[in-house]
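This briefing looks at a ligand and its surroundings, and then turns to charged pairs within the protein. Please read it alongside the sequence and the structure shown below.

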Amino acid sequence: MSARSTRPASGRFRVMGVLNVTPDSFSDGGRYLEPDLAIAHGIELEASGAAILDVGGESTRPGASPVGAREELRRVLPVIEGLVTSGGRAQISIDTSKTAVAAPAIAAGATFVNDVTALRGDPEMAALVASTGVDLCLMHMLGEPRTMQRDPRYDDVVDDVRAFLEARIELALAAGVSEQQILLDPGIGFGKTLEHNLELLRRLHELTALGCPVVVGTSRKAFLGAITGREVDQRVAATIATNVLAYERGARVFRVHDVAAVRDALAVTAATVTARWPPRTPTSSTT
Ligand code: HH2
């Protein structure tokens, strides 16, 4: 387990800032390919309230082509090294399913592996996570990015995702990963229709009931565009709505591009949900 734990105390939440070092990510692709720009953006995300920085070198948007480990590592490693050298306090997450990327990233200072394949992408990943003690996000995905949005089907999307995540927890535990290292993610947009995404958010408490912290990643995703008619960079309000709702249903880690706006919305939500009345120490307010 890393020093800066991903397990927020009851009611507390952590914002995970998205830092994609890719030419083709659906929202920020190509903007942070230069290591210096990516590092500066990471520092900015932390200053805006990100407790975790999720550094990724391979897009997983629908239709994306896979990237080789060498290229992925070439993209992310200088950024992780630069963030560590910059002396920030945010936990560094490596968004990869390859041990050839995760192992050097961990050696450079990453303490979180965000594996969108939930340990299916690389047979060595579970052992790496077990031996290093880093945090591990197990995410649900139906199929693989290139084809996952072609007519995805479930018996009951929430039951199916829950059963999948339970099986992946068992596999991780059997490989020596401890329960304290594990976080779960329904994988919003990964092999899901608009209705599947909404059903997962509406019934998210059925996943938080599994006992591991739940991560949600709705940020700027296509289903928000389908509802609002907005372009990718105009989906902040829609992103906030889903994150506030997910908080209320028990999620505690929020993977987003618009860190400051989501952090503020969640701070108010958390303060309201956990507020005592009357307050223990009187507070004054003019508004
Ligand atoms: N979504 C994306 C990537 N990684 N990881 C987790 N745990 N949960 C998510 O929902 C998730 C994720 C896709 O978003 P983004 O990184 O912005 O785009 P791209 O995959 O095109 O780089």
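In this predicted model, the shell around the ligand is made up, by class, of 5 nonpolar, 7 polar and 5 charged residues. Altogether 17 residues surround the ligand, and the space that the ligand takes is the largest pocket.

**Ligand surroundings**

- The closest of the 17 surrounding residues are Ser25, Ser59, Thr60, Asp185 and Lys221.
- Ser25 places a polar side-chain atom 2.5 Å from an oxygen atom of the ligand, while a polar side-chain atom of Asn20 lies 3.1 Å from an oxygen atom of the ligand.
- Phe26 contributes through its backbone, with an N or O atom that lies 3.0 Å from an oxygen atom of the ligand.
- Of the 480 Å² of accessible area that the ligand has on its own, the protein covers 98%.

**Salt bridges**

- Side chains of opposite charge can pair when their charged atoms come close.
- The count of salt bridges in the model comes to 19, and one of them joins Lys98 to Glu58, with the closest N and O atoms 3.1 Å apart.
- This pair links distant parts of the chain, since Lys98 and Glu58 are 40 residues apart.
- Lys98 lies in the loop between strand 3 (91–95) and helix 3 (99–108), whereas Glu58 lies in the loop between strand 2 (52–56) and helix 2 (69–85).

Conventions:
Residues numbered from 1 in each chain as written. Predicted model: local features only at pLDDT ≥ 70, side-chain atom pairs only at ≥ 80, totals over all residues. Heavy atoms only, no water. Near = heavy atom within 4 Å. Polar contact = N/O pair within 3.5 Å; in protein donor to acceptor, adjacent residues only side chain to side chain. Areas by Shrake-Rupley, 256 points an atom, 1.4 Å probe, with all protein chains shown as cover. 1 Å grid on protein atoms, 1.4 Å probe; cavity = no way out; pocket = protein on both sides within 12 Å on 5 of 7 lines; lining within 4 Å. Sits in = over half its atoms within 2 Å of the grid points. Nonpolar A, V, L, I, M, F, W, Y, C, P; charged D, E, K, R; others polar. Salt bridge = Lys/Arg side-chain N within 4 Å of Asp/Glu carboxyl O. Helix = DSSP H or I, 4+ residues; strand = E, 2+ residues; numbered from the N terminus.
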